[in-house]
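The following exercises concern one protein model.

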Amino acid sequence: MARQNRLTLSAALFSERMETLKKIWKYLSSMQFAILLLLVLALACALGSFITQGQTFDWYAARYNERIAALILAVQLDDAFHSWWFIAITAFLCLNLLLCNVIRLPQLIRRTKAEGDPHAIIGAACDVSQSGIADPKAVFSALRMQPKAVFVDGKEALVASQNRIGLWGAWVCHLGILLLILGFGLGQMTKTEYVVYGVPGQTRMIGDTGWFLTIDDFRIGLREDDTVEQYTADITVFRAPQGSTTMPDARRASISVNHPAKLFGMTFYQNSTGWAARMNVAKAGEPLQSEVVCAGEYLTVKDLPELAIYLAAFYPDYALVPGSGPMTLSGQLNNPAYLYSVYYRDELLGMNVLMPDEELTIDDYTVTFCEPQSYTLISIKRDAFAWLAFVGGVVTTIGLFLALYLLPKKVWAIRDEDGTWTVRGASRKGGAIFRDRFLTATGGTERNES
C-alpha cells in the first residue's frame, strides 16, 4: 500500500513538473515574451549608443560621477554589445522566434495541404457566393484561376485555389527576422574596428590585421558658398607576403561619406578629417628630421628620445580673442598658426602658439612648422556575420512580399439541380478586395450564404 502511494505521489509530481515545463515552453514561444524581449533589446541598444563605449573608469567618472562610472563598469555598459546580458537577450529572442516557427510549422503544412484539397475546399466556409451562374468557367477565367473538375456527393463541382504560398508569408518573415537578429547579434559580439588616419602618400598598418592602407589622395569638395559638400579619399589596401619577392596583393578604392568600400572582408568608411603639418627639426642649424604630423600627434626627436614636440591644434585663420583664447575665424588658410607643447621625459616644459615664420628653440634644437594640409580619418570594420544579416534582410523582404501581395484564395462551383451553378469563394487575407473581384467576375451582388 505504501509503495502504491509512493508511486501515485511520484506520478503526480511528474505530471506537475510536466505541466510546469509546458507553461514555460508556451511562454518562451509566446508573442508577449517576444515583445518584452524586443523592448529590452531596443533599450539595450539605446544605452549602448548613448554611453560612449570602451572608456576607462576615470573617463566615465569625469563625465558623470564615480557612482555612475562604477555602475557602468559593473553592468558592462562600457562594452554593451559584448556583455553577457546582451548576449542573453539576443539568445532568448532567437529562441523565441525559433520556437514560434517550429510550433507553427506542422499546422502551416496542414493548412497549405487543405488549401489544395478539393474536398476540404468545398467543405470550408465561404466569404461570398452567387447562385444561378450559367457559365462558372467564365467566373474562374475572370479571376485568373484554373479549375479542377471533381464529384462531391454525386454532384459535379469545379474547384480552384491560388497563392497558397502566401500562407507562408508570416512564417518566412519570422525566419528572416531570426536571421537578422543572429547576424546583427553575432556581428556585434565578434566584429573588430580600426582607425587609420594620415595625409596622401602615407602608409599605415590596419591594427593587428597584417594589412596596410596607403592614402593615395584626399579631396574636399566645396559648394559655391565654400561650404563642404563631400570628403573623398582614394586608398590602396595590401598585404605583402612575408619572405616573398612578388608584388603584394593590392586593391584600390575610392571612398566618401556614406559611400564605403569593401576590400578583403573589411569595410572602409570615410569618417572625418582634420589638420596636419610638416614639422622640421634642426640641430645646431643642420636639418635633423622632417615629418608630417597630424594634430594630436607627437614627434620624438631622433637623437634625443626624451624630447617630444606635440602638435596640439592647428588654426587656419588664427585669432586670439581676449577671455576666449586662440580660435580660428574661418577654414581658409589666411593666418595659419600652430599650437604646440614640449615634453621632456614626460614632463611639460611649455606650450605656445607658433606662426609659420617663427622658430621654437630648445637648447641646440630648432623646430618649425610648414605645409599645413588636411588629413583623412578612415574607420575600418570587419564583421564576419554581415552576410547573415544580409540574408536575413532578403528573407524578411520575401516574407513581406508573400504576406502582403500573394493573397491565398479559393473558389468552388457546384452544379445545382436546375443545371445552373452556385459559385462560392473565400480568402484568408484581403477579404474585401477578394469580394469585390468575385462580385465583378460573377456580375452580381453579395449574398450572405455559407
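Predicted model: local features only at pLDDT ≥ 70, side-chain atom pairs only at ≥ 80, totals over all residues.

**Exercise 1: Overall form**

Task: Determine whether the protein is more spread out or less spread out than a compact globule.

Solution: Begin with the secondary structure, which comes to 10 helices and 21 strands. For 450 residues the globule rule gives 22 Å, whereas the radius of gyration is 36 Å, well over that value; the protein is therefore more spread out than a compact globule. The C-alpha trace spans about 120 × 80 × 60 Å along its principal axes. Buried residues account for 38% of the 450 residues.

**Exercise 2: The setting of Cys 173**

Task: Decide whether Cys 173 counts as buried or exposed, and identify which residues it touches beyond four places away in sequence.

Solution: First, locate Cys 173 in helix H8, which comprises residues 169–190. Next, apply the cut-off: a residue is buried when its relative accessible area is under 20%. Cys 173 has a relative accessibility of 14% and therefore counts as buried. Then examine its contacts: leaving aside residues up to four places away in sequence, Cys 173 touches Thr 396, Gly 399 and Leu 400. Finally, consider Val 395: Cys 173 and Val 395 are 222 residues apart in sequence, yet their C-alpha atoms are 6.7 Å apart in space.

Notes: Residues numbered from 1 in each chain as written. Heavy atoms only, no water. Helix = DSSP H or I, 4+ residues; strand = E, 2+ residues; numbered from the N terminus. Buried < 20%, exposed > 50% of the residue type's maximum accessible area, 1.4 Å probe, protein only. Contact = heavy atoms within 4.5 Å. Rg over C-alpha atoms; globule rule 2.2 N^0.38 Å.
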